[in-house]
Amino acid sequence: MFPKLPLDEWIEDVVDGLVNNLEPVFNVVTVCIESVVHGIADLFHWIPALVLILLFTALAYYLGKWKFALFTVLGLLLIDNLGYWDHTVDTLALVLTSALISIVIGVPLGIWCAQSDKVRSVLTPILDFMQTMPAFVYLIPAVTFFGLGVVPGVIASVIFAVPPTIRLTNLGIRQVPEDLVEAADAFGSTRNQKLFKLQIPLAMPSIMAGINQTIMLSLSMVVIAAMIGAQGIGADVYGAVTQIKTGQGFEGGLAIVVLAIVLDRMTQNIVKRKRRGSNV
(Lines give C-alpha, C1' and ligand atoms only; values in the text may rest on other atoms or scores of the structure.)
Protein backbone atom coordinates (compact mmCIF):
# COMPACT_ATOMS: atom_id res chain seq x y z
CA MET A 1 0.00 0.00 0.00
CA PHE A 2 1.08 3.57 -0.64
CA PRO A 3 1.92 5.72 2.40
CA LYS A 4 -0.83 8.05 3.58
CA LEU A 5 -0.75 11.51 2.08
CA PRO A 6 -0.18 14.11 4.82
CA LEU A 7 -3.23 16.05 3.64
CA ASP A 8 -4.19 17.06 7.17
CA GLU A 9 -0.73 18.54 7.75
CA TRP A 10 -0.88 20.46 4.46
CA ILE A 11 -4.25 21.94 5.39
CA GLU A 12 -2.95 22.89 8.84
CA ASP A 13 0.06 24.62 7.27
CA VAL A 14 -2.18 26.57 4.88
CA VAL A 15 -4.50 27.65 7.71
CA ASP A 16 -1.57 28.68 9.94
CA GLY A 17 -0.08 30.66 7.07
CA LEU A 18 -3.35 32.49 6.47
CA VAL A 19 -3.76 33.26 10.17
CA ASN A 20 -0.21 34.61 10.45
CA ASN A 21 -0.24 36.68 7.26
CA LEU A 22 -3.85 37.88 6.93
CA GLU A 23 -4.80 38.62 10.54
CA PRO A 24 -5.45 42.35 9.81
CA VAL A 25 -7.83 41.36 7.00
CA PHE A 26 -9.70 38.97 9.28
CA ASN A 27 -9.97 41.71 11.91
CA VAL A 28 -11.52 44.11 9.39
CA VAL A 29 -13.98 41.45 8.21
CA THR A 30 -14.89 40.71 11.83
CA VAL A 31 -15.62 44.36 12.58
CA CYS A 32 -17.69 44.79 9.41
CA ILE A 33 -19.83 41.68 9.94
CA GLU A 34 -20.34 42.37 13.63
CA SER A 35 -21.43 45.93 12.80
CA VAL A 36 -24.02 44.73 10.29
CA VAL A 37 -25.40 41.96 12.51
CA HIS A 38 -25.60 44.13 15.61
CA GLY A 39 -26.97 47.06 13.61
CA ILE A 40 -29.85 45.00 12.23
CA ALA A 41 -30.50 43.39 15.61
CA ASP A 42 -30.45 46.75 17.42
CA LEU A 43 -32.91 48.20 14.92
CA PHE A 44 -35.32 45.30 15.38
CA HIS A 45 -34.93 45.44 19.16
CA TRP A 46 -35.60 49.19 19.13
CA ILE A 47 -38.95 48.69 17.37
CA PRO A 48 -41.60 47.39 19.81
CA ALA A 49 -42.47 43.75 19.22
CA LEU A 50 -46.13 44.40 18.40
CA VAL A 51 -45.25 47.15 15.94
CA LEU A 52 -42.72 44.90 14.19
CA ILE A 53 -45.25 42.06 14.07
CA LEU A 54 -47.79 44.41 12.46
CA LEU A 55 -45.20 45.52 9.91
CA PHE A 56 -44.40 41.91 8.99
CA THR A 57 -48.12 41.16 8.80
CA ALA A 58 -48.73 44.12 6.47
CA LEU A 59 -45.88 42.96 4.24
CA ALA A 60 -47.27 39.42 4.28
CA TYR A 61 -50.70 40.72 3.26
CA TYR A 62 -49.20 42.76 0.44
CA LEU A 63 -47.26 39.75 -0.86
CA GLY A 64 -49.61 36.86 -0.14
CA LYS A 65 -53.05 38.18 0.85
CA TRP A 66 -55.01 37.43 4.01
CA LYS A 67 -54.19 33.74 4.62
CA PHE A 68 -50.47 34.37 4.70
CA ALA A 69 -51.00 37.52 6.77
CA LEU A 70 -53.10 35.55 9.28
CA PHE A 71 -50.42 32.89 9.63
CA THR A 72 -47.74 35.57 10.03
CA VAL A 73 -49.49 37.46 12.81
CA LEU A 74 -50.50 34.30 14.70
CA GLY A 75 -47.07 32.70 14.31
CA LEU A 76 -45.14 35.77 15.42
CA LEU A 77 -47.51 36.39 18.34
CA LEU A 78 -46.94 32.78 19.40
CA ILE A 79 -43.17 33.33 19.33
CA ASP A 80 -43.59 36.44 21.46
CA ASN A 81 -45.89 34.60 23.87
CA LEU A 82 -43.38 31.77 24.33
CA GLY A 83 -40.68 34.28 25.23
CA TYR A 84 -38.46 33.80 22.17
CA TRP A 85 -39.01 37.16 20.48
CA ASP A 86 -35.63 38.71 21.33
CA HIS A 87 -33.78 35.57 20.28
CA THR A 88 -35.87 35.39 17.09
CA VAL A 89 -34.81 38.94 16.25
CA ASP A 90 -31.15 37.99 16.84
CA THR A 91 -31.59 34.97 14.57
CA LEU A 92 -33.26 37.09 11.89
CA ALA A 93 -30.34 39.54 11.98
CA LEU A 94 -27.88 36.65 11.57
CA VAL A 95 -29.86 35.16 8.66
CA LEU A 96 -30.35 38.50 6.88
CA THR A 97 -26.63 39.31 7.17
CA SER A 98 -25.67 35.90 5.79
CA ALA A 99 -28.19 36.23 2.96
CA LEU A 100 -27.03 39.78 2.13
CA ILE A 101 -23.38 38.72 1.90
CA SER A 102 -24.36 35.65 -0.15
CA ILE A 103 -26.31 37.84 -2.59
CA VAL A 104 -23.47 40.36 -2.92
CA ILE A 105 -21.05 37.52 -3.69
CA GLY A 106 -23.38 35.09 -5.49
CA VAL A 107 -25.18 37.28 -8.04
CA PRO A 108 -22.02 38.74 -9.64
CA LEU A 109 -20.39 35.29 -9.73
CA GLY A 110 -23.55 33.85 -11.30
CA ILE A 111 -23.50 36.58 -13.95
CA TRP A 112 -19.82 35.89 -14.62
CA CYS A 113 -20.56 32.17 -15.00
CA ALA A 114 -23.35 32.93 -17.47
CA GLN A 115 -21.01 35.05 -19.58
CA SER A 116 -18.05 32.66 -19.56
CA ASP A 117 -18.06 28.87 -20.01
CA LYS A 118 -14.52 28.72 -18.63
CA VAL A 119 -15.55 30.41 -15.40
CA ARG A 120 -18.52 28.07 -15.08
CA SER A 121 -16.33 25.00 -15.61
CA VAL A 122 -13.99 26.20 -12.84
CA LEU A 123 -16.70 27.22 -10.37
CA THR A 124 -19.00 24.21 -10.80
CA PRO A 125 -16.75 21.66 -8.99
CA ILE A 126 -16.03 24.26 -6.29
CA LEU A 127 -19.78 24.74 -5.74
CA ASP A 128 -20.25 20.96 -5.67
CA PHE A 129 -17.57 20.76 -2.98
CA MET A 130 -19.14 23.58 -0.95
CA GLN A 131 -22.58 21.96 -1.03
CA THR A 132 -21.50 18.41 -0.22
CA MET A 133 -18.93 19.11 2.50
CA PRO A 134 -20.58 18.64 5.94
CA ALA A 135 -21.52 22.02 7.39
CA PHE A 136 -19.74 21.25 10.67
CA VAL A 137 -16.39 21.20 8.86
CA TYR A 138 -16.74 24.90 7.98
CA LEU A 139 -16.87 25.78 11.68
CA ILE A 140 -13.25 24.75 12.26
CA PRO A 141 -11.49 27.26 9.96
CA ALA A 142 -14.16 29.89 10.71
CA VAL A 143 -13.36 29.73 14.43
CA THR A 144 -9.63 29.67 13.69
CA PHE A 145 -9.81 32.82 11.57
CA PHE A 146 -12.51 34.80 13.41
CA GLY A 147 -12.78 33.36 16.94
CA LEU A 148 -16.08 32.56 18.65
CA GLY A 149 -19.30 34.53 18.18
CA VAL A 150 -21.60 35.59 15.36
CA VAL A 151 -18.87 36.22 12.77
CA PRO A 152 -17.76 32.59 12.22
CA GLY A 153 -21.44 31.63 12.21
CA VAL A 154 -22.11 34.12 9.42
CA ILE A 155 -19.02 33.03 7.46
CA ALA A 156 -19.95 29.33 7.73
CA SER A 157 -23.53 30.16 6.71
CA VAL A 158 -22.34 32.08 3.65
CA ILE A 159 -20.07 29.25 2.48
CA PHE A 160 -22.89 26.75 2.92
CA ALA A 161 -25.67 28.93 1.47
CA VAL A 162 -24.16 30.90 -1.43
CA PRO A 163 -24.07 28.13 -4.12
CA PRO A 164 -27.84 28.24 -4.97
CA THR A 165 -27.65 31.97 -5.73
CA ILE A 166 -24.67 31.44 -8.04
CA ARG A 167 -26.21 28.43 -9.78
CA LEU A 168 -29.69 29.90 -10.33
CA THR A 169 -28.37 33.30 -11.41
CA ASN A 170 -26.23 31.54 -14.01
CA LEU A 171 -29.16 29.35 -15.07
CA GLY A 172 -31.63 32.24 -15.30
CA ILE A 173 -29.40 34.36 -17.52
CA ARG A 174 -28.53 31.43 -19.77
CA GLN A 175 -32.24 30.67 -20.22
CA VAL A 176 -33.02 34.11 -21.63
CA PRO A 177 -34.35 33.41 -25.16
CA GLU A 178 -31.61 33.69 -27.73
CA ASP A 179 -33.82 35.62 -30.18
CA LEU A 180 -34.26 38.40 -27.61
CA VAL A 181 -30.51 38.61 -27.11
CA GLU A 182 -30.00 38.76 -30.88
CA ALA A 183 -32.62 41.49 -31.16
CA ALA A 184 -30.81 43.51 -28.49
CA ASP A 185 -27.55 43.09 -30.41
CA ALA A 186 -29.29 44.14 -33.63
CA PHE A 187 -30.45 47.38 -32.00
CA GLY A 188 -26.89 48.16 -30.96
CA SER A 189 -27.15 47.47 -27.24
CA THR A 190 -23.91 47.48 -25.33
CA ARG A 191 -22.96 44.52 -23.15
CA ASN A 192 -24.03 46.30 -19.98
CA GLN A 193 -27.31 47.49 -21.50
CA LYS A 194 -28.11 43.97 -22.63
CA LEU A 195 -27.28 42.59 -19.20
CA PHE A 196 -29.11 45.12 -17.01
CA LYS A 197 -32.09 45.91 -19.25
CA LEU A 198 -32.78 42.48 -20.75
CA GLN A 199 -31.06 39.49 -19.20
CA ILE A 200 -31.25 40.32 -15.48
CA PRO A 201 -34.93 41.44 -15.57
CA LEU A 202 -35.96 38.25 -17.41
CA ALA A 203 -33.77 36.11 -15.14
CA MET A 204 -35.06 37.78 -11.95
CA PRO A 205 -37.54 34.97 -11.04
CA SER A 206 -34.70 32.44 -11.19
CA ILE A 207 -32.39 34.76 -9.25
CA MET A 208 -35.05 35.26 -6.57
CA ALA A 209 -35.53 31.48 -6.34
CA GLY A 210 -31.81 31.16 -5.66
CA ILE A 211 -32.00 33.86 -3.00
CA ASN A 212 -34.93 32.00 -1.43
CA GLN A 213 -32.85 28.83 -1.18
CA THR A 214 -29.92 30.81 0.21
CA ILE A 215 -32.12 32.27 2.99
CA MET A 216 -33.44 28.81 3.88
CA LEU A 217 -29.95 27.32 3.99
CA SER A 218 -28.74 30.22 6.14
CA LEU A 219 -31.58 29.55 8.54
CA SER A 220 -30.70 25.86 8.64
CA MET A 221 -27.25 26.85 9.95
CA VAL A 222 -28.71 28.63 12.99
CA VAL A 223 -28.39 25.71 15.40
CA ILE A 224 -24.97 24.72 14.07
CA ALA A 225 -23.71 28.30 14.42
CA ALA A 226 -24.89 28.28 18.06
CA MET A 227 -22.20 25.70 18.76
CA ILE A 228 -19.53 28.36 18.20
CA GLY A 229 -21.15 31.18 20.14
CA ALA A 230 -23.72 32.64 17.74
CA GLN A 231 -26.74 33.91 19.64
CA GLY A 232 -30.40 33.47 18.80
CA ILE A 233 -32.92 30.66 18.84
CA GLY A 234 -30.20 28.20 17.87
CA ALA A 235 -28.56 28.73 21.26
CA ASP A 236 -31.84 27.77 22.98
CA VAL A 237 -32.21 24.64 20.87
CA TYR A 238 -28.57 23.67 21.35
CA GLY A 239 -28.89 24.22 25.10
CA ALA A 240 -32.02 22.07 25.17
CA VAL A 241 -30.20 19.28 23.34
CA THR A 242 -27.22 19.33 25.70
CA GLN A 243 -29.47 19.39 28.77
CA ILE A 244 -32.10 16.99 27.33
CA LYS A 245 -34.97 19.48 27.77
CA THR A 246 -37.53 18.23 25.25
CA GLY A 247 -40.08 20.97 25.88
CA GLN A 248 -37.60 23.81 25.48
CA GLY A 249 -36.19 22.20 22.37
CA PHE A 250 -39.67 21.88 20.84
CA GLU A 251 -40.51 25.52 21.58
CA GLY A 252 -37.25 26.74 20.06
CA GLY A 253 -37.68 24.48 17.06
CA LEU A 254 -41.24 25.74 16.58
CA ALA A 255 -40.01 29.35 16.61
CA ILE A 256 -37.46 28.48 13.91
CA VAL A 257 -40.15 26.75 11.83
CA VAL A 258 -42.46 29.77 12.01
CA LEU A 259 -39.65 32.13 11.03
CA ALA A 260 -38.60 29.82 8.19
CA ILE A 261 -42.13 29.60 6.78
CA VAL A 262 -42.63 33.37 6.92
CA LEU A 263 -39.32 34.09 5.15
CA ASP A 264 -39.89 31.29 2.63
CA ARG A 265 -43.40 32.41 1.68
CA MET A 266 -42.34 36.04 1.40
CA THR A 267 -39.53 35.30 -1.03
CA GLN A 268 -41.68 32.81 -2.96
CA ASN A 269 -44.40 35.41 -3.39
CA ILE A 270 -41.83 37.92 -4.60
CA VAL A 271 -40.76 35.34 -7.21
CA LYS A 272 -44.40 34.88 -8.30
CA ARG A 273 -44.81 38.63 -8.68
CA LYS A 274 -41.65 38.82 -10.76
CA ARG A 275 -42.89 36.01 -13.00
CA ARG A 276 -46.27 37.66 -13.49
CA GLY A 277 -44.52 40.91 -14.29
CA SER A 278 -42.22 39.25 -16.84
CA ASN A 279 -45.19 37.56 -18.54
CA VAL A 280 -47.12 40.79 -19.00
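Visitor: Where in the chain is I244 placed?

Guide: I244 is found in the loop between α11 (233-243) and α12. Please keep in mind that this is a predicted model. The backbone of I244 deserves attention: its phi is near 55°, a positive value in a residue other than glycine.

Visitor: Is I244 buried or exposed?

Guide: One compares the relative accessible area with a cut-off, and a residue counts as exposed when the value is over 50%. I244 has a relative accessible area of 73%, and it is therefore exposed.

Visitor: How many helices and strands does the protein have?

Guide: The protein has 12 helices and 0 strands. Read from the N terminus on, the order of elements is α-α-α-α-α-α-α-α-α-α-α-α. Along the principal axes, the C-alpha atoms fill a box of roughly 65 × 65 × 40 Å.

Visitor: What percentage of the residues is buried?

Guide: A residue is called buried when its relative accessible area is under 20%. Of the 280 residues in the protein, 43% are buried.

Visitor: Let us turn to charged side chains. What is the general idea of a salt bridge?

Guide: Side chains of opposite charge can pair when their charged atoms come close. The cut-off used here is 4 Å between a side-chain nitrogen of Lys or Arg and a carboxyl oxygen of Asp or Glu. By this rule the structure has 4 salt bridges.

Visitor: Which residue meets D117 in a salt bridge?

Guide: The partner is R174, with a distance of 2.8 Å from N to O. D117 belongs to helix α5 (residues 117-132) and R174 to helix α7 (residues 150-174), so this pair ties together parts that are 57 residues apart in sequence.

Visitor: Which residue forms a salt bridge with D128?

Guide: D128 pairs with R167, and their closest N and O atoms are 2.5 Å apart. Here D128 lies in helix α5 and R167 in helix α7, so the pair ties together parts that are 39 residues apart in sequence. The relative accessible area is 35% for D128, which is partly exposed. For R167 the value is 27%, and this residue is partly exposed as well.

Visitor: How should I read the pair of R265 and D264?

Guide: Their side chains meet in a salt bridge of 2.5 Å, N to O. R265 counts as partly exposed, at 37% relative accessibility, whereas D264 is buried, with a relative accessible area of 11%. Elsewhere, salt bridges that share partners join D117, R120 and R174 into one network.

Visitor: What is the volume of the largest pocket, and what lines it?

Guide: A pocket is open, and one reads it by its volume and by the residues around it. The largest pocket has a volume of about 330 Å³. Its lining has 13 residues, with I11, V15, V137, I140 and P141 nearest the centre. Helices α1 and α6 (135-146) each supply at least two residues of this lining, and α1 gives the most, with 6 residues. By class, the lining has 10 nonpolar, 1 polar and 2 charged residues.

Visitor: How many cavities of 30 Å³ or more are found in the whole structure?

Guide: In a cavity, by contrast with a pocket, a probe fits but cannot get out. The search finds 1 cavity of 30 Å³ or more. The largest cavity holds about 90 Å³ of space. Among the residues that line the largest cavity are F44, F56, W85, T88 and L259.

Visitor: Which helices supply the lining of the largest cavity, and what is its class make-up?

Guide: Helices α3 (49-82), α4 (85-115) and α12 (246-279) each supply at least two lining residues. The largest share, 4 residues, comes from α4. The lining of this cavity has 10 nonpolar, 1 polar and no charged residues.

How values were computed. Residues are numbered from 1 along each chain as its sequence is written. This is a predicted model: local features need pLDDT of at least 70, side-chain atom pairs count only at pLDDT 80 or more; totals for chains, interfaces and linings use all residues. Side-chain values use heavy atoms; hydrogens and water are left out. On a 1 Å grid over the protein atoms alone, a cavity is a set of points where a 1.4 Å probe fits but cannot get out, and a pocket is an open set with protein on both sides within 12 Å along at least five of seven lines; lining residues have an atom within 4 Å of a point. Grid points are joined across faces, edges and corners, and a volume is the space filled by probe spheres set on the points. Ala, Val, Leu, Ile, Met, Phe, Trp, Tyr, Cys and Pro count as nonpolar, Asp, Glu, Lys and Arg as charged, and the others, Gly among them, as polar. Buried means under 20% relative accessible area, exposed over 50%, partly exposed in between (1.4 Å probe, protein chains only).
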